[in-house]
Amino acid sequence: MEAREIKEAIQRRKLIDVLLDKNQFADLVLKDGFFINVITREIYQADVAVKGDHVLMVGDAKDLIGPATKVEDVRGKFICPGFIDSHMHFESAMLTVTEFSRLSIPTGTTTLIGDPHEIGNVLGVNGMLEMVKEAKTLPNKVKFTVPCAVPDAPGLETSGYDVNSNHMKELLNDPYVQGIGEIQSFSNVKPVYQNAPHLIDDLVAAVTYAESIGKTVEGNAPGLFGKELAAHIISGGTHVSCHETTTKEEMVEKLRYGVSVFMREGSSQRNMAECIRAITEDGLDSRRAILVSDDMVPEDLIKYGHMNDIVRRTIAQGIDPVEAIQMATINPAAHFGFKDVGVLAPGKKADIAVISDLENMVIDQVYLNGKKSAEKGKLTIDLGRYTYPDSVKNSVKCKPVTKNDLVIKANGRKARVRAIEAIPDQNLTGAREFELNVADGIVQPCLQQDVLPMLVIERHGRSGKIGKTFIHGFKLGSGAIAESVAHDTHNIIVSGTNYEDMVTAVNRVIAMGGGIAMIKDGKVVGDMELNVGGLITDQLSGQEVAEKIAELTKQAEVELECGIHVPFMHLSFWSLVTSPKWKITDMGLIDVDKFEIIPTVI
């Protein structure tokens, strides 16, 4: 036997001794609570006895209470497994793993599955492994699903580093890596098959290796049906998820194919209410229905909660509370093959949420590994602060820009142009055409039609290119916004009502070494430095980041007259070339469905 196996065997024997030796007792007993059994979908009164970091038993535990046993009276409260967020990005919250956990644990979330492809696009394997290293310092369970293809669309965008099947051995063999993350490189099945078949070959090689060492694979299948969906599922090794499901019809077909549908309810993209109709209206089995956040801003974590809030919203759609809890506990555990979390039963990890109000999902206490870690919304343990090494900082490698670099040029007095159409609360975008004025050879923004220039400036020092197009639906009244968060390759994205403010905004982001900048009349309205990969900050706490983003959002609303909520998150997704229809990268305006660059000026 190996050392790990010997340790597990000793641990199991100790638990057996406590249960059967009348002179040994539990360390902790949660007494007389209403136990939520996610295995049988029941609620009944029971105790939960804990020894060390494991559950001893659920039931009448009076014989396990000794002189040193900590007894918590939870009468009238509900006991359930800690929640699992099966798909999320720490970078979207602009927080370190530690600071996200600081906000998340008190809400009952005890397991996080992070997808680090954001930092992977900027800093490659090294960036992802630094995030894994941080997770290893924390008491909550944090695992990662890593990308097997960076960038998602080679030839259509420029990342800081390239990642492919050759890097899988180094990444996947880390015990904190759960498997391969969302396989976005084959989301647009037909265009990729026709134009970049080598991506499929590399994907299949990576997936096959992952399966050979017992790792999982996550899919990414927005708007796929029939043969295209089937091809995507097979490319991922047949046991895949999808967090990009936005309609009831998609939900039905994916569930029928055995896909684990990750129903997304984040800060800017909310699809659960539509997806859940397949269960509430069509009566489909919910075992493969799983709740995830994907992208959360820290203010929402503080104000509303994390998975407990998503469970609450699911209950509000007509789902039984226990069934909704299953979607954040046993269902994801079954998908990932977790044997120790997601249920509370003998020998399982004592990751526990105590709920004082079931309908509203008010979390009273949280236990991590059998230790009380939060109570009444506050941490009771010290997580400390985590600082990243310099190797993942100073990631902006482009030079300052001038107005001539950014302007969109055309001949004549009028120009017919293409524009990306914003769809609030979605990754998806539309495709529009507008007629705009041209002055001195430069196409002018049009606030009346809500058509503004939007550009992506390559910042990794690889291509030096600037992609240019227009955005309709940003609802910006003045000034400009730039940021180094632009999915997925995270070059600098900027939009504004005039080119002068756009230049100043981009140069402010460059000067900060990454971050967010808002400019009006040539002056900084608000900014925030993101020193780790231009994506997250290790300089501020989660509370401080929440306050700063709230301040910036208010400034965008008041000073820039921005009419779209969470504007920075919306802006960051308009360069995501794995979801239809049009997007912008450093290469230019991308027709996602055709997998090609198209001209902005027609």
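I started with the lining of the largest cavity: by class it has two nonpolar, six polar and seven charged residues. For these classes I counted Ala, Val, Leu, Ile, Met, Phe, Trp, Tyr, Cys and Pro as nonpolar, Asp, Glu, Lys and Arg as charged, and the others, Gly among them, as polar. The model is predicted, so I kept local features only at pLDDT of at least 70 and side-chain atom pairs only at pLDDT 80 or more, while totals for chains, interfaces and linings use all residues. Residues are numbered from 1 along each chain as its sequence is written, and side-chain values use heavy atoms, with hydrogens and water left out.

**Cavities**

I searched the whole structure and got four cavities of 30 Å³ or more. The largest cavity holds about 70 Å³ of space. It is lined by 15 residues, with His89, Glu182, Asn427, Phe573 and Leu576 closest to its centre.

My terms: on a 1 Å grid over the protein atoms alone, a cavity is a set of points where a 1.4 Å probe fits but cannot get out; a pocket is an open set with protein on both sides within 12 Å along at least five of seven lines; lining residues have an atom within 4 Å of a point. Grid points are joined across faces, edges and corners, and a volume is the space filled by probe spheres set on the points.

**Pockets**

I took the largest pocket next; its volume is about 1,400 Å³. It has 36 lining residues, and Arg4, Glu8, Lys141, Asp340 and Lys349 lie nearest its centre. Helix 1 gives the largest share of this lining, eight residues. By class, the lining has 13 nonpolar, nine polar and 14 charged residues. Helices (H or I, at least four residues) and strands (E, at least two) are DSSP runs, numbered from the N terminus.

The second largest pocket contains about 480 Å³ of space. Its lining counts 32 residues, and Val297, Thr553, His565, Val566 and Pro567 are the closest to its centre. Helix 18 (542-558) is one of the elements that give two or more residues. Helix 18 also supplies the largest share, six residues. This lining divides into 16 nonpolar, seven polar and nine charged residues.

**Salt bridges**

I found 37 salt bridges in the whole structure (side-chain nitrogen of Lys or Arg within 4 Å of a carboxyl oxygen of Asp or Glu). Which residue pairs with arginine 462? Aspartate 162 does, at 3.3 Å, N to O. Aspartate 162 sits in the loop between strand 8 and helix 5 (168-172), and arginine 462 in the loop between strand 21 (451-457) and strand 22 (466-472), so the pair ties together parts 300 residues apart in sequence. Aspartate 162 is partly exposed at 42% relative accessibility, and arginine 462 is partly exposed at 43%. Here buried means under 20% relative accessible area, exposed over 50%, partly exposed in between (1.4 Å probe, protein chains only).

Glutamate 500 bridges to lysine 403, with the closest N and O atoms 2.7 Å apart. Glutamate 500 is in helix 17 (residues 499-512) and lysine 403 in helix 16 (residues 403-406), 97 residues apart. I also noted a network of salt bridges linking Lys248, Glu274, Arg277, Glu281 and Asp282.

Last, I checked alanine 345, in the loop between helix 15 (330-336) and strand 14 (352-357). Is alanine 345 buried or exposed? Alanine 345 is buried, with a relative accessible area of 16%.
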